[in-house]
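Here are my notes on the model, point by point. Please read them with the coordinates open.

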Amino acid sequence: MATQTQTLDTSDIDQYLGKPIDSSPIREPIGNNDIRRWVQAMHFPNLLHFDPAYAAASRWGKLIAPQSFPIVMDDGHGTAPSCVGCIPESHLLFGGDEFWHYGPRVMGGDVISNERIPFDYVVKNTGFGPTVFQRGDNFYRNQNGELIAKQRSTAIRYSAHAGGETVNKAEFDEPEWTDAELEALEERKFSWIQMLHDLGHGERWWDDVNVGDKLPERVFGPHTIASFTTEWRSYLFTTWGTLDRRELDLEALGFTKEMAGHENDPHMERINPELTDGAYFGPSRGHLFPRYARKIGMPRAYGYGASMGAWVTDYLAGWAGEWGMVVHSTANYRGPALSGDITIQTAEVVDKMVDEEGRNLIQVKHKMENQKGTLMCAGLAEIELPKKPA
């Protein structure tokens, strides 16, 4: 355990709260292939988001992005406004997300902007010792000024040294999967995909959903360094030149020298862009290199918190179908997706209502676990579904 006598200096954070920070806007409109790359990386094989013939027959008449897509736009996966102010010799993990979705959908040709405003923070004692839970808001808008979604992201900032001291050595090795187990796993994975096919362009009626109903299980994995790399590459900011990058000094935020580097540095991108790629250098390198993962408290390569948030949205939106929409969700991240593990998503309907806006909503309690039953994420969500005509 980290010693509880440690302290974290949070004195630099307060000056940023409530004030917009710089964004890194995209330089070209969104393309259909950006959308396709995203859903492939997020394990979301919904034809609506990648197949032109299927999308043409949908209510939209064209290919659209999933509701999880706006976080692709800017640097930082949505966590930038929850990582402001210097905390010396610290590191960051994603702690959770809350999303509000307002209706406009993202399509090829759109230009998405992001207004980022730091919100608040609190210090608590955890296994890493004193830990800062810091929140910040992202407001995603299209070129018409329409608000697409609001994301309130939670960052966990803690002593990097304390994280390294508490790493669980018993988890250094990946689990072994037999051929028979992998074959059975593929059958489990496809059952959720078949649900998408079965619903097709049809409605999932609010009238037919009851409290206590369980959503179909969604399974994917085993996760690998290759699959984590595929996720990373689907974020636009990981490609050279895609963004008009803001000025960013990661050492000034308090990241340790070996984890800071030049990730998203607009000046270094023009000099030696390889040094700006967080997959290799910078705070994100721990995701793909166990050596660096263990320095900050993770036992082996691990997935991205922002991707876990997308998995939640995609899971619920896929079940709702093209006539439904996730309107609000919370996701509290309890543990990472580690290489070699699988992810299992389940949900149960816990309420059914008509809100003050006249929307027919169902509320679900969702969770994410690995093959050992370890809780990775939990939360609540409200989903709007169509009501049968009278």
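1. Start with a buried charge pair. Both Arg246 and Asp75 are buried (under 20% relative accessible area; exposed is over 50%, partly exposed in between; 1.4 Å probe, protein chains only). They form a salt bridge, with the closest N and O atoms 3.1 Å apart. A salt bridge here is a side-chain nitrogen of Lys or Arg within 4 Å of a carboxyl oxygen of Asp or Glu. The pair links distant parts of the chain, 171 residues apart: Arg246 is in the loop between helix 5 and helix 6, Asp75 in the loop between helix 2 and strand 1. Helices (H or I, at least four residues) and strands (E, at least two) are DSSP runs numbered from the N terminus.

2. A word on the basis. This is a predicted model: local features need pLDDT of at least 70 and side-chain atom pairs pLDDT 80 or more, while totals for chains, interfaces and linings use all residues. Residues are numbered from 1 along each chain as its sequence is written, and side-chain values use heavy atoms, without hydrogens and water.

3. Asp75 has another partner. Arg116 forms a salt bridge with Asp75, again with 3.1 Å between the closest N and O atoms. Arg116 lies in strand 2 (residues 113–126) and Asp75 in the loop between helix 2 and strand 1, so this pair ties together parts 41 residues apart in sequence. Arg116 is buried, as is Asp75. Asp74, Asp75, Arg116 and Arg246 are linked in a network of salt bridges. The count of salt bridges comes to 22.

4. Now the backbone. Most residues other than glycine have a negative phi, and most peptide bonds are trans. His77 has a positive phi of about 55 degrees. His77 sits in the loop between helix 2 (52–56) and strand 1 (90–101). Its relative accessibility is 5%, so His77 counts as buried. Asn264 has a positive phi near 65 degrees and is buried at 6%. The peptide bond between Gly221 and Pro222 is cis, with omega about 0 degrees.

5. Last, strand 8 (residues 360–369). Of its 10 residues, 7 are buried. Strand 8 pairs antiparallel with strand 7 (residues 343–354) over 10 bridges, and with strand 9 (residues 375–384) over 9 bridges. Pairing requires at least two DSSP bridges between the strands. Thr346 stands opposite Lys367; His366 has Gly379 as its bridge partner. Strands 7 and 8 form a hairpin with 5 residues between them, and Gly358 in the turn has a positive phi of about 85 degrees.
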